[in-house]
Amino acid sequence: MIAVDPEEWMVDGACRGADPDIFFPGQGEATRPAKAICATCPIRAACLEYALDNGIAHGIWGGKSERERRVMRGNRPTMQARVLRHLRTHGPADRREIATALDVTEGTVSSALQKLVAYGQVSAYIPRNKSRRNTYTATEQP
Ligand code: SF4
């Protein structure tokens, strides 16, 4: 069930039109009904990636419960870390270039970039070439 920050791909979810309550079970309630719908979903991988990258704590996303996602998050770098590593390794890039390189949506990259800019680890500028989009560069050395 997608209830926040809808992106284009989310309209293809198998949960579209389903009762949202089954995707947000209370403590001790079954997660199986939601997971059964997720198992048929064509965007399951993207949904799970989105939830992991954005630290979504509640509900069933991509067929995984809150607890299952917590375990998965512990074993993978955050999207912020991946974006920062990409900028340090490959130099300045715009949002689309980063999304393509990391094989994630631009929306996911955008929210990571917002945090990195707020923390001062990345700065944004508009290149002289006006055809280029906002470009981001790492401000901190590893
Ligand atoms: S994986 Fe599950 S929660 Fe995500 S869009 Fe598909 S059906 Fe909805």
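This is a predicted model: local features need pLDDT of at least 70, side-chain atom pairs count only at pLDDT 80 or more; totals for chains, interfaces and linings use all residues.
**Burial, helix spans and a pocket**

User: What is Ser-65 in contact with, leaving aside neighbours within four places in sequence?

Analyst: With contact meaning heavy atoms within 4.5 Å, Ser-65 is in contact with Lys-35, Gly-59 and Ile-60.

User: Where does Pro-92 lie, and why is Pro-92 called partly exposed?

Analyst: Pro-92 is in the loop between helix 4 and strand 1. Its relative accessible area is 44%, so Pro-92 is partly exposed. Not counting residues up to four places away in sequence, Pro-92 touches Tyr-125, Thr-135, Tyr-136 and Thr-137. From Pro-92 to Ala-138 the C-alpha distance is 7.4 Å, although they are 46 residues apart in sequence.

User: How do you know that the span of helix 4 (residues 79–90) agrees with what its twelve residues should give?

Analyst: The expected span is 1.5 Å times one less than the number of residues. For helix 4 this gives 16 Å, and the end C-alpha atoms are 16 Å apart, so the two agree. Just after helix 4, Gly-91 has a positive phi of about 85°.

User: Which residues of helix 4 are buried, and what covers them?

Analyst: The buried residues are Met-79, Arg-82, Val-83, Leu-84, His-86 and Leu-87. Their cover includes helix 2 (44–53), helix 5 (95–102), helix 6 (106–118) and strand 3 (135–138).

User: What makes up the lining of the largest pocket?

Analyst: On a 1 Å grid over the protein atoms alone, a pocket is an open set of points where a 1.4 Å probe fits, with protein on both sides within 12 Å along at least five of seven lines; lining residues have an atom within 4 Å of a point. The lining of the largest pocket has 13 residues, with Gln-27, Thr-31, Ser-65, Glu-66 and Arg-67 nearest its centre. Two are nonpolar (Ala, Val, Leu, Ile, Met, Phe, Trp, Tyr, Cys, Pro), five charged (Asp, Glu, Lys, Arg) and six polar (the others, Gly among them).

Note on methods:
Residues are numbered from 1 along each chain as its sequence is written. Side-chain values use heavy atoms; hydrogens and water are left out. Helices (H or I, at least four residues) and strands (E, at least two) are DSSP runs, numbered from the N terminus. Buried means under 20% relative accessible area, exposed over 50%, partly exposed in between (1.4 Å probe, protein chains only).
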